[in-house]
Amino acid sequence: MKFYIALTVVLGATAIFFIFPNQLVGMYLSEGTSASDAAVTLRHGKDYLYIMILGFAPFALSQVYGSTLREIGETKLPMIASIIAIGVNVVFNYIFIFGNEGLAFLPFEAMGVKGAAIATAMARYVEMAIVLVAVHKNSEKYEFVKGLYKSLKIPGRLCGEIFKKGAPLMVNEMLWSMGMAALVQCYSVRGIEVVAATNITSTVSNIFSVVYLSMGSAIAIMVGQQLGANKIEEASQRDGLPYQTYIQRGFLFPSGDNFIDYNDCFNWARELIEKFKIYVLMVGYDRYSSQYLINDMKQYGFHTDDVYQGENL
């Protein structure tokens, strides 16, 4: 679901920035700016904007993976990737912005605004590469990537549930972002002195804001995991059934805290044969995120058949 949302946002933002670049940049130009200065500012803004578009996709993909990692309690990898990306951005900002004016041995001239955009876009790709390589090389640790790209099909009912629960938060974030953009626009048309003062205060504010924002993220992760670990009792209260008793008597088998552990599924199916001498005629499965389990079952000797969301039952 995150992939679809990220793809929609990236395509939408790219289309808007390509179709309305003059209007978007022009909104932040002061009415008192001379025509020549306004033209130069507009040109630099568009140059920066067009290059930054190239970094939308890797940034979105990094956020999709990074948010999922944080949800399962893995915060170090996204942090390391972000720190390295910031370092790349800082170093190449200086190199590309100043060129051989800053470092005489460089073979190219100063790029200015374009150089800043190129460095930022590069940092996005570096961050994405670090996260993707680290996650996919450790698929045993990060089980959510197993069979991730085998199928991107998501059941409609699940999409509806996700959208229903996530829509209020998404609308809230969109309204907050629009409000901040409007606030910056109001400041930007008040003149260069106001813009400079706003940049200074924003920098100082961000230094302190990062503390409560990071604490909020950490609390959300810990609370979310605790809630996820208590789903058995929650489900018992909701459905009015003694699930914990069923588990103790062997009628149900819990698996994983945040994700289903497919090893549990395979071991349970194997136990049917080895312990209870129950032989399964056929195992039907949905191809979405189950390929590793099915491979293990085929190697063991189970007969399997893909179900296509119930169409070929």
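Start by selecting helix H1 (2-19) and helix H7 (156-188), each of which supplies at least two residues of a nonpolar patch. The model on screen is predicted. The patch lies on the surface and consists of Ile5, Val9, Phe163, Met170, Val171, Met174, Leu175 and Met178, with about 770 Å² of accessible area together. H7 gives the most to the patch, six residues. Pick valine 171 in helix H7; its relative accessibility is 40%, so valine 171 counts as partly exposed.

Now turn to the charged side chains. The whole structure holds three salt bridges. Show lysine 141 and glutamate 74, whose side chains meet at 3.4 Å, N to O. Lysine 141 sits in the loop between H6 and H7 and glutamate 74 in the loop between H4 and H5, 67 residues apart. Lysine 141 is exposed at 56% relative accessibility, whereas glutamate 74 is buried at 14%.

Move to arginine 270 and glutamate 274, a salt bridge with its closest N and O atoms 4.0 Å apart. About one helical turn separates the two, because they are four residues apart in helix H11 (residues 262-274).

Finish at glutamate 271 and lysine 275, where the closest N and O atoms of the salt bridge are 3.6 Å apart. Glutamate 271 is partly exposed at 29%; lysine 275 is exposed at 55%.

Notes:
Residues are numbered from 1 along each chain as its sequence is written. This is a predicted model: local features need pLDDT of at least 70, side-chain atom pairs count only at pLDDT 80 or more; totals for chains, interfaces and linings use all residues. Side-chain values use heavy atoms; hydrogens and water are left out. Patches are made of residues with over 30% relative accessible area and no salt bridge: like charges are joined within 9 Å, nonpolar side chains (Val, Leu, Ile, Met, Phe, Trp, Tyr) within 5 Å. Accessible areas come from the Shrake-Rupley method with a 1.4 Å probe; for residues, only the protein chains shown count as cover. Buried means under 20% relative accessible area, exposed over 50%, partly exposed in between (1.4 Å probe, protein chains only).
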